[in-house]
Structures are given as structure tokens and as C-alpha cells.
Amino acid sequence: MSTVEKILDSIGLKTHELGSLDQTDSLILCRIFEAVQQYAMYHDKNPELESECEAIQTVIRKHLNQSVIR
């Protein structure tokens, strides 16, 4: 299980459920992963986690742009 999946699991979500989130939940989740990404960049120096966070943010933003914000 990847770190991103562990974070999602800890807040009660699965990766396949991201498409069902509303705008507010999606924005909150995106901000959580922005914070984790910053931590990975500056404190933990973990490029793998940084990349995972960028990928999940891309998925969330795509969902926001296609499904939620119109």
C-alpha cells in the first residue's frame, strides 16, 4: 500500500471513490496532499512521496475540472 493510499485510508476514502467527492471535499483533499507534498520536498526529502502526491493532486484536479466545476 502506497503512502497516498494509506493517507486516503486514514480519512476513510479509497482511490476509486475520488470521483464521487463534491467540490468542497475535493478542494480539502487537494490541500491535504499539497501539504504532504511540501513536507516531502522540504523536510523529509522524499522524491517518491512528492511524486505520488503530485499524481493524486492531478487526479483530483481533473475530477474538479471535468465533473464538479462547471
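Student: In which helix does Leu49 lie? Please take me through its surroundings, and then through the rest of the protein.

Tutor: Keep in mind that this is a predicted model. Leu49 lies in helix α3, which covers residues 47-68. Its side of the story starts with burial. Leu49 has a relative accessible area of 8%. Buried means under 20%, so Leu49 counts as buried.

What does Leu49 touch? Set aside the neighbours within four places in sequence. Leu49 is then in contact with Thr3, Val36 and Ala40. Now look along the chain. Val59 comes 10 residues away from Leu49 in sequence. The C-alpha atoms of Leu49 and Val59 are separated by 15 Å.

Cys53 is buried, with a relative accessible area of 0%. Cys30 is buried too, at 6%. Cys30 is in no disulfide, and the nearest cysteine sulfur to that of Cys30 belongs to Cys53, 10 Å away. A disulfide needs two cysteine sulfur atoms within 2.5 Å. The sulfur of Cys53 is therefore too far from that of Cys30 for a bond.

Now step back to the whole fold. The protein has three helices and zero strands. Read along the sequence, the pattern is α-α-α. The radius of gyration is 12 Å, close to the 11 Å that the globule rule gives for 70 residues, so the protein is as compact as a globular protein of that length. Along its principal axes, the C-alpha trace spans about 35 × 20 × 15 Å.

Of the 70 residues, 30% count as buried. Leu49 is buried, and so are Cys30 and Cys53. The accessible surface of the protein comes to about 4,700 Å². Carbon and sulfur atoms account for 52% of that surface.

Last, the charges. The protein has 7 positive and 11 negative charges. The mean positions of these two sets are 4 Å apart.

Finish by going back to the starting point. Find Leu49 in helix α3. Then pick out Thr3, Val36 and Ala40, its contacts beyond four places in sequence.

Definitions and conventions
Residues numbered from 1 in each chain as written. Predicted model: local features only at pLDDT ≥ 70, side-chain atom pairs only at ≥ 80, totals over all residues. Heavy atoms only, no water. Buried < 20%, exposed > 50% of the residue type's maximum accessible area, 1.4 Å probe, protein only. Helix = DSSP H or I, 4+ residues; strand = E, 2+ residues; numbered from the N terminus. Rg over C-alpha atoms; globule rule 2.2 N^0.38 Å. Areas by Shrake-Rupley, 256 points an atom, 1.4 Å probe, with all protein chains shown as cover. Lys, Arg positive; Asp, Glu negative; His and termini not counted. Charge placed at Lys NZ, Arg CZ, Asp CG, Glu CD. Contact = heavy atoms within 4.5 Å.
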